[in-house]
Amino acid sequence: MTQRPTFDKPKVELHVHLDGAIKPETILYYGRKRGIALPANTAEELQNIIGMDKPLSLPEFLSKFDYYMPAIAGSREAIKRIAYEFVEMKAKEGVVYVEVRYSPHLLANSKVEPIPWNQAEGDLTPDEVVDIVGQGLKEGEQDFGVKVRSILCCMRHQPNWSLEVVELCKKYQHHTVVAIDLAGDETIKGSSYFPGHVEAYEEAVRSGIHRTVHAGESSPAEVVREAVDTLKTERLGHGYHTLEDEALYNRLRQENMHFEVRGPSGFVGLSHTETSKNGDPGHPRVQGQGGTAWGCLPATNLLLQVCPWSSYLTGAWNPNTEHAVIR
């Protein structure tokens, strides 16, 4: 793929997942150190198993995390290291500002129900996870000169975690945390209306916590509408299926809604993409003012190529002539 000259410039990345940006070597190291079986013995083999080189449904993609997250979750040392190494990777990519997101509960093994990844109960709580990730990000920020902020994720299948997530956003808003997110399997019917999620987002509004929601990637435009009207999101993660509802799209464009969009190599839910002339999956287009407007950021070192590119798409930002606005 020919890279656009504009991306030789400093970059802003607003949608990237910490647990999807872990070096294979780091996973192998902690798997061996902690005695946790992994499906491969070399970084190349691991990449081939849990990386993506063909389109996957969102549930198929999410299942990849089962392979390697047990090697990282529950370990203070591993969690701080992946946060620090994340910043190092962003510096090498020319990123000057990044917002990285993760679920504190998916990295914990104490005071979380159910305990994720079939871990035995330990003593690492979601609260301490946020503190440790913040330490790693801040040390990376100092060493590599990248401004880093974090977003804490609620998970669609675990609404019982969400109220704690918003409280952690409030507690750590001066320790890198800038927003709350709703992530996970968008195909869970009615998940935008689960009381735990709704109550958490209502509290976020009351407390001035910024809000983003994954919607419209593998789910229909109606889920985008739910994110905007029920959860009061300020940004949309992906949002491609907004195009199925012209009235909704025009409304969001008028409201200057920000779409956080991945680029042409993020092979998740590609039923909604176009195909390029050479037969490769194309980028899911969002029509901006005067035609198609989109931009992307390279993230060549990501373990999983999910959401590695971020853009403002509604015509609010022209990547060829303007700098992105950092909220």
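Of the 327 residues in this protein chain, 57% count as buried. The model you are looking at is predicted, so treat this briefing as a guided tour of that prediction. The chain holds 10 helices and 9 strands, and we will visit a few of them below.

**The chain as a whole**
- Take the contacts between residues at least 6 apart in sequence: 70% of them join residues at least 24 apart.
- The accessible surface of the protein chain comes to about 13800 Å², and carbon and sulfur atoms account for 49% of that surface.

**Helix H1 and its neighbours**
- Helix H1 covers residues 24-34, and its buried residues are Pro24, Thr26, Ile27, Leu28, Tyr30 and Gly31.
- What do these buried residues of H1 pack against? Their partners are helix H2 (43-50), helix H4 (65-68) and helix H5 (76-92).
- After H1 comes Gly35, which has a positive phi, near 70°.

**Aromatic pairs**
- How many aromatic pairs does the structure hold? There are 3, and two pairs are described here.
- Tyr29 and Tyr30 form an edge-to-face pair because their ring planes stand at 90°, and planes over 60 degrees apart fall in that class. The centres of these two rings are 4.8 Å apart.
- Phe65 and Tyr68 make a tilted pair, with ring centres 5.8 Å apart and planes at 35°.
- Phe65 and Tyr68 are 3 residues apart in helix H4, so about one helical turn separates them. In an α-helix, which has 3.6 residues a turn, residues three or four places apart point the same way.
- Both Phe65 and Tyr68 are buried.

- Arg81 lies over the face of the Tyr29 ring, at 5.0 Å from the ring centre.
- Where is Glu99 found? Glu99 belongs to strand S2, which spans residues 95-102.
- Glu99 has a relative accessible area of 2%, so this residue is buried.
- The side chain of Glu99 makes a polar contact with the side chain of Arg235, at 2.7 Å.

Definitions and conventions: Residues numbered from 1 in each chain as written. Predicted model: local features only at pLDDT ≥ 70, side-chain atom pairs only at ≥ 80, totals over all residues. Heavy atoms only, no water. Helix = DSSP H or I, 4+ residues; strand = E, 2+ residues; numbered from the N terminus. Buried < 20%, exposed > 50% of the residue type's maximum accessible area, 1.4 Å probe, protein only. Contact = heavy atoms within 4.5 Å. Areas by Shrake-Rupley, 256 points an atom, 1.4 Å probe, with all protein chains shown as cover. Phe/Tyr/Trp six-rings, centres within 6.5 Å; stacked < 30°, edge-to-face > 60°. Lys NZ or Arg CZ within 6 Å of the ring centre and 35° of its normal. Polar contact = N/O pair within 3.5 Å; in protein donor to acceptor, adjacent residues only side chain to side chain.
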